[in-house]
Amino acid sequence: MHTPFRIPSPSYVAFSGGRTSGYMLRRILDAFGGTLPEGIEVIFCNTGLEHPATLRFVENVAMNWGVAIVWLEYRKSDLFEVVNYGSASRNGEPFSQLLETLPVLPNVRMRICTSQLKIRTAMRYMKTKHEEWFRAIGLRADEPRRVGRMRSDYVCETPLMPLADAGVDRAEVNRFWRESDFDLELPYESNIFGNCVGCFLKSTGRTNLIMKEMPEHFDWWIGAEKSFESKVKDWTGARFRIDRPSYADLMSASKDELLFNFEDDDIQECACTE
């Protein structure tokens with residue numbers, strides 16, 4: 001019987017360090033009897049701003065399932081570097097190197113951070129081995145809009161979405177991890193701490209909650225905006241988002257009562273997946 005989880009070679013599994021892409025990896029491993037065939041790799045791209053629990057989860061997946069995971073980081077000079085759990089950046093170093101090359105900060109309409117730190121970093125690695133390949137992306141069947149946008153032509157790589165093709169939804173993913181011997185140990189069941197903890201695409205309410213819980217995760221974001229204030233002529237270039245206060249102002253507001261609804265609707269979608 002055909003299964004979308006028997007992905008073709010050469011391919012790489014885009015593992016974000018979240019539950020959904022982790023479940024996708026498990027299904028792909030099972031489809032091949034527990035061991036990936038030659039030509040299929042698993043890639044995790046570290047920005048240096050992920051929650052420590054995300055890094056531990058990636059390492060636990062590798063150890064518990066016996067699968068090799070390639071840890072990559074963006075580099076301004078060599079464009080990427082292979083690292084590991086012990087040597088991985090934890091203070092935003094890859095992101096900081098990217099900012100040194102940019103005239104303005106990444107923003108909602110110009111998501112250079114996702115394209116360079118994750119998508120293109122993985123592509124540069126794959127180009128050292130192949131001319132064309134497939135990329136398995138952890139988008140589910142209950143994300144039809146995102147799945148539809150991904151089904152387009154790519155340079156060098158063809159997107160695969162086995163979870164969506166198999167009809168897998170969030171409930172199935174959560175059920176798997178509830179029954180697993182290990183799990184992603186983020187502070188909340190939802191993904192508010194996932195990917196870059198302070199990502200500007202997260203809603204204002206979620207950002208406010210994280211600031212109250214773990215304010216130290218926003219030192220880098222506040223510093224980045226302040227550094228660009230003297231670098232750009234137009235203040236909008238020194239903001240990750242111009243439709244809300246700066247990170248420094250949000251931090252000041254977060255010290256008061258919760259000012260924003262946790263489930264407010266300004267959350268943005270991103271190519272970084274769960």
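In helix 1, the residues R19, G22, L25, R26 and L29 meet F57, V61 and W65 of helix 2, where contact means heavy atoms within 4.5 Å, and helices (H or I, at least four residues) and strands (E, at least two) are DSSP runs numbered from the N terminus. The residues of this contact divide into five nonpolar, one polar and two charged, with Ala, Val, Leu, Ile, Met, Phe, Trp, Tyr, Cys and Pro counted as nonpolar, Asp, Glu, Lys and Arg as charged, and the others, Gly among them, as polar.

The model is predicted, so local features need pLDDT of at least 70 and side-chain atom pairs count only at pLDDT 80 or more, while totals for chains, interfaces and linings use all residues. Residues are numbered from 1 along each chain as its sequence is written, and side-chain values use heavy atoms, with hydrogens and water left out.

Turning to strand 5 (residues 133-136), we find W133 there. Is W133 buried or exposed? With a relative accessible area of 2%, W133 is buried, a word that means under 20% relative accessible area, whereas exposed means over 50% and partly exposed lies in between (1.4 Å probe, protein chains only).

Leaving aside neighbours within four places in sequence, W133 is in contact with P10, Y12, M123, M126, K127, C156, E157 and T158.
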